[in-house]
Amino acid sequence: MIKKFDDKRDWFFEKKLGMFVHWGLYALPAWHEQILWRSEYPRKRYEKLVDEFNPTRFDPDAWIDAMLSAGMEFLCFTTKHHDGFCMWDTKQTEYNVMNTPYGKDVLAMLAEACKKRGVKLGLYYSLPDWHHPNYPNIGRHHEMFGPRAGDKPDERAYLEFVRAQLEELLTNYGPICQFFWDVNVAEFSDPSFNETIRRLQPDAVINDRGPSDGDFSTPEREIPAGKEFSRPTQACQAMGRESWGFRDDEDYYSVPFLEKSISTILAMGGSYLLNVGPKADGTLVEENVAALARIGDWYRRVGEAFDGTVPCSSMLGTGATMRIRYEDIFLTRRGNTFYALCPSGLETGTIVLPGFEKAPHSAKLLNDGRSLRPVIDSLPWRWKDKPCLCIRGLPVDEITGEVLVVRFEMDESAVE
Ligand code: GLC
């Protein structure tokens, strides 16, 4: 069972689906947000992109519309990625959005829109910095291959810069719900940073990639082993397989793939950040907007399985003697209401739930509201085991493009 924080950070367990946004100068070359590290693109040329960044079609409300259509409840924005370019009016470096032809504080615009629409805002911040002269770029992963002429690697000076930026980010943009540090390559260790965040923004949860332990783990583009998380977890995944920032000719994931990924993580008790990479003009990719709406259409029908529930797949046992893989079935619970799902896809129209020896009065498919048929059955292929709950009638050949979620209520006496 995941231990909650028992303070204002507990919003984290209620708002489980959020939109990650990777946006910066890298949207111009449109290859990958780490084009400087993963390709031969020269730094001098990259830094000239400042003179081109002019997202005249940026409309934070359009981003919020897209996230709300997906059923998402918070947004996490890249304030500074590894390239070091700052998307707000920072006084700590000239390398920021105010010095582009656009010349507006996009973070302020986004924060204002979030406030107006009642959407929570989180901030992403990269510790590696490929521009700042004091960051010790010595060619470790996610770092430039060495200091360039004029650089003065100085860990203390760099951390002072980070501290001053933190103060700006956490005082000038209203309430911040989470702080997402990224890749602490240099292994900076200094608890005072997270303490500053807590002092300035007590509601903010802090991730585990910063200069000291944070509040939650951040598995990225993967589904960790097991069926229930034991600590607060927020998985992240992009809509495209190759990049987080906008990429021309990106290979976007299918909606069914994303629904599988989302429902598995949520059923394990985690939360989920799904990333979009807006284009250099500020607009979202149309295909992404359509996919988000489709995810939302499904999530609005099945999302109660994750809303205020706890994961309880361990009730199903290990199924060692079973022929089918029970480990693919996930279970969540709110009191005596249970939800069962099989994100990897059911083999038949029956969901078999060992661990339940009494049948609920009724069972329902959340996807379309139809009634299902719960029975206690002894199955020939598991003849050595006790009879168990089989919920029959799932339309596996009819509804094939989305994860099916079943709800059933047990009598008080039938479950612990
Ligand atoms: C990785 C990538 C980075 C991306 C992040 C999102 O750390 O290096 O580009 O921003 O994941 O979680």
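**View 1. Aromatic pairs.** Rings of Phe, Tyr and Trp (its six-membered ring) pair up when their centres lie within 6.5 Å; planes under 30 degrees apart are stacked, over 60 edge-to-face, and the rest tilted. By that rule the structure has 31 aromatic pairs. Take Phe 20 and Phe 180: they make a tilted pair, 5.0 Å centre to centre with 50° between the planes. Phe 20 sits in strand E1 (residues 17–21) and Phe 180 in strand E4 (residues 178–182), so the pair links parts of the chain 160 residues apart, strands being DSSP runs of E, at least two residues, numbered from the N terminus. Both Phe 20 and Phe 180 are buried (under 20% relative accessible area, 1.4 Å probe, protein chains only).

This is a predicted model: local features need pLDDT of at least 70, side-chain atom pairs count only at pLDDT 80 or more, and totals for chains, interfaces and linings use all residues. Residues are numbered from 1 along each chain as its sequence is written, and side-chain values use heavy atoms, leaving out hydrogens and water.

**View 2. A ring cluster.** Ring pairs tie Trp 23, Phe 53, Phe 58, Trp 63, Phe 77, Phe 85 and Tyr 95 into a cluster.

**View 3. Charges over rings.** Arg 163 lies over the face of Phe 193, 4.3 Å from the ring centre (the cut-offs: NZ of Lys or CZ of Arg within 6 Å of the ring centre and within 35 degrees of the ring normal). Lys 227 does likewise over Phe 330, at 4.9 Å.

**View 4. Around the ligand.** His 81 has a side-chain N or O atom 2.8 Å from a ligand oxygen. For Tyr 124, a polar side-chain atom lies 3.4 Å from an oxygen atom of the ligand.

Conventions
Helices (H or I, at least four residues) and strands (E, at least two) are DSSP runs, numbered from the N terminus. Buried means under 20% relative accessible area, exposed over 50%, partly exposed in between (1.4 Å probe, protein chains only). A polar contact is a pair of N or O atoms within 3.5 Å; within protein, one must be able to donate a hydrogen and the other to accept it, and residues adjacent in sequence count only if both atoms are side-chain atoms.
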